[in-house]
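I opened a new notebook for this protein. Below are my entries, in the order I looked things up.

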Amino acid sequence: VTDDGSPVLMDFGAARDSLSTAPNAAGSPLLMAPEQFAGARQSPATDIYSLGAVFYNALAGRLPVQAESLDALIALHESGSTPDYSGIPWLWRKLLRSMLNNDAAHRPDARNVHQQLLRLQSARRRIARTASVCVVILALSTGTLAATLAYRTATQSRERSQLIKDVLVQAVQE
């Protein structure tokens, strides 16, 4: 991100060596899906993982899985290491957990990711609308409570006044 806040796309790590026939030869290791290190062929699920890693990096300011060496990175993936989501905005956590799932079969497809991104886009409006409704309900509840207390106080005051009046009338008549 530049100083003026503009994003700059620098690398998706998708360069492929045209002479290589290895199924997992494309990708930046820090953005690669765990199955790629095991020699599995690339699939849409590996792309979903990489996109999730890019989102994670953009939101947390760090990569989801980091290591000092390629061997250490492979070992982390083999052990089923999962990212720390504590620095990720809570609205994004569910999506990123699914995209960065160590099991490719449990990752969402592109259509599902797109739908979830659209929901995230409108989430602030929904939250603001829900908060507004809650404020109105709270205000109405507070008003109702205040009116009930005022009515009860007025009724008690009226009853006391009537009792005093009755006592005075009785005293005058005797």
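**Entry 1: a charged pair**

Which residue forms a salt bridge with Glu-35? I found Arg-107, with the closest N and O atoms 2.8 Å apart. I counted a salt bridge when a side-chain nitrogen of Lys or Arg sits within 4 Å of a carboxyl oxygen of Asp or Glu.

Some housekeeping before I go on. My model is a predicted one, where local features need pLDDT of at least 70 and side-chain atom pairs count only at pLDDT 80 or more, while totals for chains, interfaces and linings use all residues. Numbering starts from 1 along each chain as its sequence is written, and side-chain values use heavy atoms, with hydrogens and water left out.

Back to the pair. Glu-35 lies in helix 1 (residues 34-37) and Arg-107 in the loop between helix 4 and helix 5, so this bridge ties together parts 72 residues apart in sequence. I took helices (H or I, at least four residues) and strands (E, at least two) as DSSP runs, numbered from the N terminus. Glu-35 and Arg-107 are both buried. My cut-offs are under 20% relative accessible area for buried, over 50% for exposed, and partly exposed in between (1.4 Å probe, protein chains only).

**Entry 2: the other bridge**

How many salt bridges are there by this rule? I get two. Arg-62 and Asp-84 also meet through their side chains, at 3.8 Å from N to O. Arg-62 is in the loop between helix 2 and helix 3, and Asp-84 is in the loop between helix 3 and helix 4, 22 residues apart. Arg-62 counts as partly exposed at 27% relative accessibility, and Asp-84 counts as partly exposed at 44%.

**Entry 3: overall layout**

I stepped back to see the whole chain. The protein has five helices and zero strands, and along the sequence I read the pattern α-α-α-α-α. Of its 174 residues, 23% count as buried. I also looked at contacts (heavy atoms within 4.5 Å). Among those between residues at least 6 apart in sequence, 45% join residues at least 24 apart.

**Entry 4: the largest nonpolar core**

Next I looked for a nonpolar core, meaning a set of buried Ala, Val, Leu, Ile, Met, Phe, Trp, Tyr and Cys residues joined through side-chain atoms within 4.5 Å. The largest one has 20 residues, and Tyr-56, Tyr-85, Leu-96, Met-99 and Leu-100 touch the most other members. Helix 2 (44-60), helix 4 (90-99) and helix 5 (110-173) each supply at least two residues of this core. Helix 2 gives the largest share, five residues.

I then zoomed in on Tyr-56. Is Tyr-56 buried or exposed? Tyr-56 is buried, with a relative accessible area of 0%. Leaving out residues up to four places away in sequence, Tyr-56 touches several residues, including Pro-64, Pro-83, Ile-88, Leu-96 and Leu-100. The salt-bridge residues Arg-62 and Asp-84 are also among the residues that Tyr-56 touches.

**Entry 5: ring pairs**

How many aromatic pairs does the structure hold? I found two. I paired rings of Phe, Tyr and Trp (its six-membered ring) if their centres lie within 6.5 Å; planes under 30 degrees apart are stacked, over 60 edge-to-face, and the rest tilted.

Phe-55 and Trp-92 are edge-to-face, at 5.6 Å centre to centre and 70 degrees between the planes. That pair links helix 2, which holds Phe-55, with helix 4, which holds Trp-92, 37 residues apart. Trp-92 is partly exposed, at 22% relative accessible area.

Tyr-56 and Tyr-85 have ring centres 6.0 Å apart and planes at 80 degrees, so I noted them as edge-to-face too. Tyr-56 is in helix 2 and Tyr-85 is in the loop between helix 3 (70-78) and helix 4, 29 residues apart. Tyr-85 counts as buried at 9% relative accessibility.

**Entry 6: helix 4 and its cover**

Which residues of helix 4 are buried? They are Leu-95, Leu-96, Ser-98 and Met-99.

My last stop was Leu-120, which lies in helix 5 and counts as buried at 15% relative accessibility. Leu-120 touches Leu-91, Trp-92 and Leu-95, not counting residues up to four places away in sequence. The C-alpha atoms of Leu-120 and Leu-91 are separated by 6.9 Å, although the two are 29 residues apart along the chain.
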